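Reader: Please take a close look at the ligand site in this structure. I would like the contacts and the surroundings in one connected account.

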Amino acid sequence: MKTLIVYGSKHGCVEKCSKDLKNKLHGEVVIADIKKGNVPDINLFDNIIIGGSVYVGKIQKEITKFCSQNINKLKEKKIGLFICGMIDEEKGKEELNNVFTEELLSNAVAKGYFGGEVIFSKMNFFERFIIKKLCKTDKDMSNILYENINKFAQMMND
Ligand SMILES: Cc1cc2nc3c(=O)[nH]c(=O)nc-3n(C[C@H](O)[C@H](O)[C@H](O)COP(=O)(O)O)c2cc1C
C-alpha cells in the first residue's frame with residue numbers, strides 16, 4: 001500500500017503534522033510540499049491525503065487547484081483530508097467542510113482538524129495583527145491536536 005501526502009504550509013505547522021502523520025501510517029508514505037511543485041504522479045499511489053492551513057477562511061490556492069484538476073482520479077482513491085487552524089475544534093470541522101468541495105468530502109474516508117500553531121517571529125505585520133484578533137494573544141501558541149492525527153491515521157490504516 002502506497003500513500004501520498006500532498007500538503008500546503010506557510011509557516012511549517014502543516015508540514016510538521018504531515019511528518020507526524022507519515023510516521024503513524026502503514027506502508028510506504030511519500031510527502032510532497034505542493035508549493036515546491038514536486039508532486040509525484042498520483043496514479044502511483046493507492047491512498048492520497050491532502051492537507052493545508054486556513055488563512056482568513058481559505059486553504060492554500062495550490063491545494064484547491066490540485067483538488068479540482070485531479071478530482072476524477074482522486075475519486076478512485078482512498079482519500080483523507082485535513083486542515084490546520086487556530087480556531088476551536090468545532091469551528092475547525094466547519095472550516096474543513098468549507099475549504100474542500102462536497103464531491104471530495106463525500107469521497108473521503110478520513111477528515112481531520114489538526115489544530116495549529118502561531119509563531120510571531122515567522123509572521124509579517126499583517127499576519128500578527130490578524131492573529132492577535134483571532135487568538136487574543138501576542139504570545140507564541142502551539143495547539144496541535146495529536147490525538148486527532150492518531151485517529152486520522154487509524155481511519156486511513158483500517
Ligand atoms: C493571517 C492569518 C490568518 C489566519 N486565519 C485563520 C482562519 O481563518 N482560521 C483558522 O482556523 N486559523 C487561521 N489562522 C491560523 C493558521 O491557520 C495556523 O497558524 C496554522 O497552524 C498555520 O499553519 P502553517 O504554518 O502550516 O501555514 C490564521 C493565521 C494567520 C497568520
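Author: Around the ligand stand 23 residues, the closest being Ser-9, Ser-53, Val-54, Tyr-55 and Glu-95; a residue counts as near a molecule if one of its heavy atoms lies within 4 Å of it. The model is predicted, so local features need pLDDT of at least 70 and side-chain atom pairs count only at pLDDT 80 or more, while totals for chains, interfaces and linings use all residues. Residues are numbered from 1 along each chain as its sequence is written, and side-chain values use heavy atoms, with hydrogens and water left out.

A polar contact is a pair of N or O atoms within 3.5 Å. A polar side-chain atom of Glu-95 lies 2.7 Å from a nitrogen atom of the ligand. Polar backbone atoms also take part: one of Val-56 is 2.9 Å from a ligand nitrogen, and one of Met-86 is 3.0 Å from a ligand nitrogen. Of the 650 Å² of accessible area that the ligand has on its own, the protein covers 96% (Shrake-Rupley method, 1.4 Å probe).

By class, the shell around the ligand has twelve nonpolar, seven polar and four charged residues; Ala, Val, Leu, Ile, Met, Phe, Trp, Tyr, Cys and Pro count as nonpolar, Asp, Glu, Lys and Arg as charged, and the others, Gly among them, as polar. H6 gives the largest share of this shell, four residues (helices are DSSP runs of H or I, at least four residues, numbered from the N terminus).

Definitions and conventions. A polar contact is a pair of N or O atoms within 3.5 Å; within protein, one must be able to donate a hydrogen and the other to accept it, and residues adjacent in sequence count only if both atoms are side-chain atoms. Helices (H or I, at least four residues) and strands (E, at least two) are DSSP runs, numbered from the N terminus.
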